[in-house]
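This report describes the fold of the chains and the pairing of strands. The sequence and structure are shown first.

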There are 2 protein chains.
Amino acid sequence: MDIQGLPGRLLADLGPAIASGEIAEGSVLRIEELEERFDVSRTVVREAVRMLESMQLVASRRRVGITVRPRSDWDVFNPTLIAWRLAGADRPAQLRSLGSLRVAVEPAAAGLAAVHADDDQRRALGALATEMTMTGRSGDLAAFLRHDADFHATVLQASGNEMFAHLGATVEAVLRGRTEHHLMPHHPEEYAVRLHREVAEAIMAGDATTAERAMRAIVTGALEELDAVLD
Amino acid sequence: MDIQGLPGRLLADLGPAIASGEIAEGSVLRIEELEERFDVSRTVVREAVRMLESMQLVASRRRVGITVRPRSDWDVFNPTLIAWRLAGADRPAQLRSLGSLRVAVEPAAAGLAAVHADDDQRRALGALATEMTMTGRSGDLAAFLRHDADFHATVLQASGNEMFAHLGATVEAVLRGRTEHHLMPHHPEEYAVRLHREVAEAIMAGDATTAERAMRAIVTGALEELDAVLD
DNA sequence: CGCAATGAAATGGTCATACGTTTTGAACCA
DNA sequence: TGGTTCAAAACGTATGACCATTTCATTGCG
């Protein structure tokens, strides 16, 4: 996922620093300064800056330098930026934002999936729900996470909407973060697992309303747990 | 919004060509070829390619060249890419995707706005609803569009979720496209205007449920109209 | 004293060229 | 036949020069 080469190194250093606020809005960087600081050529610095620019993190102006743009300008849907924020000081805020987004999108996606999913996808969802039941009971969090992420990604994919589908990776990042930071009960809630099963069965049956409602219960539940933990 | 300078020119040429499929998935470009074709230096080509790369439109590999990635890899939330697709052959598909996204997001945003909007925002929504009523009756489509876009942007902003807020610009692009391409009745539906008023009043009153329901009616209605027109 | 015109300095933008590095594939040899 | 070596192709990086724009200080005039 990460960009290769020297510009990638710059990016991996500057991006998180900006995303976390360590380099504040309005700060000014100069190409020459970055050349020296990272001991790379102008070419490399410029390419890295271009990438930051295309995420709307910075703007480059002659005779001024490279200025960090206000957060409100940032391209908050950029997956790379989301990853940086999830890894840094902004993690709580980012998780909340994504939580709300999930509440909005995933129920709709589940409803659409009930209509548009193909046979493979319906089968996969059924199988994943079963796996989740088993790994949930056994307490194998790593495996549970894998199946959970796959489940949601499959639903989003099956919605037939490319934009929803693309949120699969992001949702996975959220779920992984939740597990890695021990924000989950040690044994996933029986209740949540049952809801996943319900979503799967509704989608398999082509029942959009039920799929949507069950999925809404899942994601609102997740958001509530998140809010509870973040205090 | 557009990137400045020569790399911007390349981008404005290559990006839409890729987005429209004119340059197909799997196509291979070479830096040298682009240098000659656009009569610019390697530096410029590389910076433009970096930007395309950060949208996941292309991948650069040694000894191979710059290959156009499959559409499923594209960063479909990137505002620049969305603009390109709206302007090109992909317009119908992009409008449908965005329509579904609106159906998912805007009702949720309206519900949140009823809780989180500040006084200025509530006032602004009331005023905008009034404006829409008037310009809707008078048939001044340009003014109506402006107020409509502002209305939705304000709701998204007032939701307090930065990710929702960022969809304001995208929604505006959708609405503008709808007007410019004459996909709208000459006099905006009395019904739709009344729903906007209802959203505004619910948000002003702090009634999340009603705000959400009315907004859902607006966006599902818009999606149905869109589907009807796109056939 | 105030303000406009001017000019110089700072900084990003672009170019041309050279060379390093990785990857691919073909030639070659055991 | 199969593995190894080698060379060509393309991107990756570095350098140094110069251009273009913007800002700010200075100057000069009213």
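Two residues are in contact if their C-beta atoms, placed from the backbone, lie within 7 Å. In chain A, residues 24 or more positions apart account for 66% of the contacts with a separation of 6 or more. The model is predicted: local features need pLDDT of at least 70, side-chain atom pairs count only at pLDDT 80 or more, and totals for chains, interfaces and linings use all residues. Residues are numbered from 1 along each chain as its sequence is written, while chains are lettered from A and ligands numbered from 1 in the order in which they are written.

Chain A contains 10 helices and 3 strands, where helices (H or I, at least four residues) and strands (E, at least two) are DSSP runs, numbered from the N terminus. Their order along the sequence is α-β-α-α-β-β-α-α-α-α-α-α-α. Along the principal axes, the C-alpha atoms of chain A fill a box of roughly 65 × 35 × 30 Å. Of its 231 residues, 44% are buried (20 or more other C-beta atoms within 10 Å of the residue's own, placed from the backbone).

The domain bounds come from an automatic or database domain assignment.

| Domain of chain A | Residues |
|---|---|
| Domain 1 | residues 5-71 |
| Domain 2 | residues 90-229 |

The C-alpha centres of domain 1 and domain 2 of chain A lie 36 Å apart.

In chain B, 3 strands form an open antiparallel sheet in the order S1-S3-S2. Strands S1 (28-29) and S2 (58-61) of chain B stand at the edges, each with a single partner strand, so one side of each lacks a neighbour in the sheet. Pairing requires at least two DSSP bridges between two strands; S1(B) and S3(B) (residues 65-68) pair over 2 bridges. B:Val28 stands opposite B:Thr67 in S3(B).

Terms used:
A residue is buried if 20 or more other C-beta atoms lie within 10 Å of its own, exposed if 12 or fewer, and partly exposed in between; C-beta atoms are placed from the backbone.
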